[in-house]
Amino acid sequence: MTEKADLTSIDVTAVLDRAASGGRITPEEALVLYRDAPLHALGAAADAVRRRRYAGTEHIATYIIERNINYTNVCVTACKFCAFYAPPKDTAKGWTRDLDDILRRCAETVELGGTQIMFQGGHHPDYGVEYYEKHFAAIKREFPQLVIHSLGASEVEHMARISGMSVEEAIRRIHAAGLDSFAGAGAELLPERPRKAIAPLKESGERWLEIMEIAHGLGVESTTTMLMGTGETNAERIEHLRMIRDVQDRTGGFRAFIPYTYQPENNHLKGRTQATIFEYLRMIAIARLFLDNVAHIQGSWLTTGKEIGQLSLHYGADDLGSIMLEENVVSSAGAKHRSNRLEIIDLIRKAGRVPAQRTTTYEHIVVHDDPANDPVDDRVASHISSTAIEGGTAHPELKLVSSN
Ligand code: SF4
């Protein structure tokens, strides 16, 4: 399918009605809706689907408390949209965290009520399966209550190559060591043309999905993502969704779909293209309509802003992502939005929903249905390159950055 395909016979209103009532739509129909349906009608149809899927709890929107732990920025893959990595030769810019530092960050996460660790870093030329086994085992030994929801197909492909083993074996071993689920990073854009344009050294989109399918078959579920705004066409965005839906029909292993927008600073693409807010909201809505086999659609306030996060809850999203106690990757490329637990609770309420803190697998930990019982710990906030606790024990180079 291309942008120029003859789609004139597709009736927007009829397809929207069918999608809103739960009928499956084709990629061609999805492209027409994404491109041409009135914005509010698209959002209303997506919200109808969300309400029906969550009948009984449709008044709730969820969030999670987690910490991204960036173990290294050294990377051989040099993606053009990335402002985080340092090539191995750049020893002035490159860094790695030692295990003690990582465990201190885990301890802070537990102290602040976080439930999930997102272990995220570059494709370090020396880090094979053994590195991840050692670190995941240590985290689970010290903090068995933390869920390790981390990495993605790209890291698996890389670590398996370094260790000279199959991706099946790599997945089995890191799962046995403590990895609970894959975060699905590295999906970027799955179709060949836009992927090659922004991440020429990454595995192909087909291979990314193949590795996720292997993981699902081994009992390791995942989320999946889309990076919007690096010059891809509308048709390529819909093709990305089609590729995910086809795998999901076979495995059922994708728990959530999380689109987010390219951030323009400090990377090779230099912000020449960017997705608009409307394009983002349309993607949230079309994902809810087209991905009829994926349970959760996540709104991302981190890259689009809090108000847009609120709006996404009316365009089909059922979840507002995380309070990230630490985030360094999209922040490096210019994402400046920060928030804290009390503010996220307030945002969700003001969007007309009841907030609920969730687990990695979307069970509700606490439903904030009475403001009188709201949590009071204002240290539960998102930070850039930070120790999550002021005066805390994390690495001295790190600074606390207040929310805005
Ligand atoms: S996105 Fe990941 S793989 Fe690509 S350059 Fe950045 S750290 Fe490396």
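Of the 404 residues of the protein, 51% count as buried (a residue is buried if 20 or more other C-beta atoms lie within 10 Å of its own, exposed if 12 or fewer, and partly exposed in between, with C-beta atoms placed from the backbone). This is a predicted model, in which local features need pLDDT of at least 70 and side-chain atom pairs count only at pLDDT 80 or more, whereas totals for chains, interfaces and linings use all residues. Residues are numbered from 1 along each chain as its sequence is written. The protein has 15 helices and 10 strands (DSSP runs numbered from the N terminus: helices are H or I with at least four residues, strands are E with at least two). Among contacts between residues at least 6 apart in sequence, 77% join residues at least 24 apart (two residues are in contact if their C-beta atoms, placed from the backbone, lie within 7 Å).

**Nonpolar core**

- In soluble globular proteins, nonpolar side chains tend to be buried together.
- The largest nonpolar core holds 107 residues (such a core is a set of buried Ala, Val, Leu, Ile, Met, Phe, Trp, Tyr and Cys residues joined through C-beta atoms within 7 Å).
- Within this core, Leu 33, Val 156, Phe 257, Ile 284, Ile 286 and Ala 287 touch the most other members.
- Helix H11 (residues 277–290) gives the most to this core, contributing 9 residues.

**Helices H6 and H9**

- Helix H6 (residues 153–163) and helix H9 (residues 205–217) have axes that come within 9 Å and cross at roughly 85° (axes are lines fitted to C-alpha atoms, for helices over the stretch in contact, and angles run from 0 to 180 degrees between N-to-C directions).
- H6 is therefore roughly perpendicular to H9 (angles under 35 degrees count as roughly parallel, over 145 as roughly antiparallel, 65 to 115 as roughly perpendicular and the rest as oblique).
- On the H6 side, Ala 153, Ser 154, Val 156 and Glu 157 take part, and they meet Arg 207, Trp 208, Ile 211 and Met 212 of H9.
- The contact of H6 with H9 comprises 5 nonpolar, 1 polar and 2 charged residues (Ala, Val, Leu, Ile, Met, Phe, Trp, Tyr, Cys and Pro count as nonpolar, Asp, Glu, Lys and Arg as charged, and the others, Gly among them, as polar).
- Leaving aside neighbours within four places in sequence, Val 156 is in contact with Leu 151, Val 167, Ala 170, Ile 171 and Ile 211.

**Helix H7**

- In helix H7 (residues 167–177), Val 167, Ala 170, Ile 171 and Ile 174 are buried.
- These residues lie on the same side of H7, because they cover an arc of only 95° around the axis (the arc is that of the directions from the helix axis to the C-beta atoms).
- The packing partners of the buried H7 residues are helix H5 (129–142), H6 and H9.
- Gly 178 follows H7 and has a positive phi, near 145°.

**Helix H1**

- Val 15, Leu 16 and Ala 19 are the buried residues named in helix H1 (residues 12–20).
- Their arc around the axis is only 100°, so they lie on the same side of H1.
- Thr 13 and Ala 14 are exposed on the other side of H1.
- The buried residues of H1 pack against helix H2 (27–36), helix H3 (39–53) and H11.
- Thr 13 has 10 other C-beta atoms within 10 Å and is therefore exposed.
- Thr 13 and Leu 42 are 29 residues apart in sequence, and their C-alpha atoms are 9.9 Å apart in space.
- Just after H1, Gly 22 takes a positive phi of about 100°.

**Positive phi in residues other than glycine**

- Leu 151 has a positive phi, near 60°, and is a residue other than glycine.
- Leu 151 is placed in the loop between strand S3 (147–150) and H6, and it counts as buried because it has 27 C-beta neighbours inside 10 Å.
- Glu 188, which is not a glycine, has a positive phi of about 45°.
- The loop between strand S4 (181–182) and helix H8 (192–198) contains Glu 188, which is buried because 25 other C-beta atoms lie within 10 Å.

**Helix H4**

- Ala 107 is found in helix H4 (residues 99–111) and counts as partly exposed, with 18 C-beta neighbours inside 10 Å.
- Ala 107 and Leu 146 are 39 residues apart in sequence and 9.7 Å apart in space, C-alpha to C-alpha.
- Glu 108 also lies in H4 and is buried, with 21 other C-beta atoms within 10 Å.
- Glu 108 and Leu 325 are 217 residues apart along the chain, while their C-alpha atoms are separated by 9.0 Å.
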